[in-house]
Amino acid sequence: MENRKNLIDFEKADIMNGESTVIFGLDLSIDEGDFVYIVGKVGTGKTSIIRTIIAENPLGKGEARVCGYDLRKIRSKEIPFLRRRIGVVFQDFQLLLDRSVHDNLEFVLRATGWKNGAEIEARIAEVLDAVKLDSKAHKMPFQLSGGEQQRVAIARALLNRPELIVADEPTGNLDAETAEGIMQLLKAINAEGTAIIMVTHNREIPQRYPGRILECRDESARELTKEEKE
């Protein structure tokens, strides 16, 4: 893909966790269609990078742009608009347990400004079909397996047609076979042009599903070379 749109550009960026800097001088550029893993031991700043991307954590020193927004200058009222351009998938699903799959998705659409009932129903049907859960719209989260709940979470992330999906350990609570299905789904979404950033501690996943690898280590993060990945 030529002339791909740049979605993320970090230059000498310090990544914060609270008042502490956990990564110094991050350089990272991600374009549409990229698949990037963030790996490293617990506490090395992997999730802090994700939180910085969605403007949950403030930027330390350096510069960063995400989906057209300058994180150095972004205003609080702009943050919801940034997040509409990013789909987020969590390890623990974070579904609303008191409502059905359909109503979980409808809640997000209405919360992000959708008002037309027919368009809402059509979009819910589209994303459930994309994750192969079109027959589960009426189910409550507790009636679903872990893999199905994660598929609902991915459907939720797709609702507003994001340019980028960030997934924080999306296979962490799943057995190997179920995790395989989630990875195949994420790769299929990526093949359609959506960039994906995935935090994982499982080193086997990047070997089975190749992508760029950003390793967090010793208060820094850098992309591994082809030789280092092998």
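Buried means under 20% relative accessible area, exposed over 50%, and partly exposed in between. The legends below use these classes for a predicted model.

**Figure 1. Residue P80 in helix α2 of the predicted model.** P80 belongs to helix α2, which covers residues 79–84. Its relative accessible area is 41%, so P80 is partly exposed. Q149, which is 69 residues away from P80 along the chain, has its C-alpha atom 24 Å from that of P80. Q149 itself is among the buried residues of α5.

**Figure 2. Overall fold of the protein.** The secondary structure consists of 8 helices and 10 strands. The radius of gyration is 17 Å, close to the 17 Å given by the globule rule for 230 residues, so the protein is as compact as a globular protein of that length. Along the principal axes, the C-alpha atoms fill a box of roughly 45 × 40 × 40 Å. Of the 230 residues, 52% are buried. Contacts between residues at least 6 apart in sequence join residues at least 24 apart in 69% of cases.

Figure 3. The accessible surface comes to about 11800 Å². Carbon and sulfur atoms account for 47% of that surface.

Figure 4. Helix α6 runs over residues 176–191 and has 16 residues. From its first C-alpha to its last it reaches 22 Å, close to the 22 Å expected at 1.5 Å a residue. Its buried residues are A179, G181, I182, M183, L185, L186, I189 and N190. An α-helix has 3.6 residues a turn, so residues three or four places apart point the same way. The cover over the buried residues of α6 includes the strands β3 (35–40), β7 (164–168) and β8 (195–199). It also includes the helices α4 (117–130), α5 (146–158) and α7 (204–208).

**Figure 5. Helix α5, a mostly covered helix.** The end C-alpha atoms of α5 are 19 Å apart, which agrees with the 18 Å that its 13 residues should span at 1.5 Å a residue. Of these 13 residues, 12 are buried. The buried residues include the charged-type side chains E148, R151 and R156. Among the others are G147, V152, A153, I154 and L158. The cover over the buried residues of α5 includes β6, α3, α4, β7 and α6.

**Figure 6. T171 and N173 in the loop between β7 and α6.** T171 has a relative accessible area of 7% and is therefore buried. Leaving aside neighbours within four places in sequence, T171 is in contact with A179, I182, M183, M198 and I205. With neighbours within four places set aside, N173 is in contact with Q91 and D92. The C-alpha atoms of N173 and K132 are separated by 20 Å, and the two residues are 41 apart along the chain.

**Figure 7. Two residues with positive phi, A55 and Q94.** A55 is not a glycine, yet its phi is near 60 degrees. This residue sits in the loop between α1 (46–53) and β4 (63–66). The relative accessibility of A55 is 15%, which is under 20%, so A55 counts as buried. Q94, likewise not a glycine, has a positive phi of about 55 degrees. Its place is in the loop between β6 (86–89) and α3 (101–111). At 45% relative accessibility, Q94 counts as partly exposed.

**Figure 8. F142 in the loop between α4 and α5.** The relative accessibility of F142 is 65%, which is over 50%, so F142 counts as exposed. L97 is 45 residues away from F142 in sequence. In space, the C-alpha atoms of F142 and L97 are 7.3 Å apart.

How values were computed:
Residues are numbered from 1 along each chain as its sequence is written. This is a predicted model: local features need pLDDT of at least 70, side-chain atom pairs count only at pLDDT 80 or more; totals for chains, interfaces and linings use all residues. Side-chain values use heavy atoms; hydrogens and water are left out. Helices (H or I, at least four residues) and strands (E, at least two) are DSSP runs, numbered from the N terminus. The radius of gyration is taken over C-alpha atoms; the globule rule is 2.2 Å times the number of residues to the power 0.38. Buried means under 20% relative accessible area, exposed over 50%, partly exposed in between (1.4 Å probe, protein chains only). Contact means heavy atoms within 4.5 Å. Accessible areas come from the Shrake-Rupley method with a 1.4 Å probe; for residues, only the protein chains shown count as cover. The expected span of a helix is 1.5 Å times one less than its number of residues.
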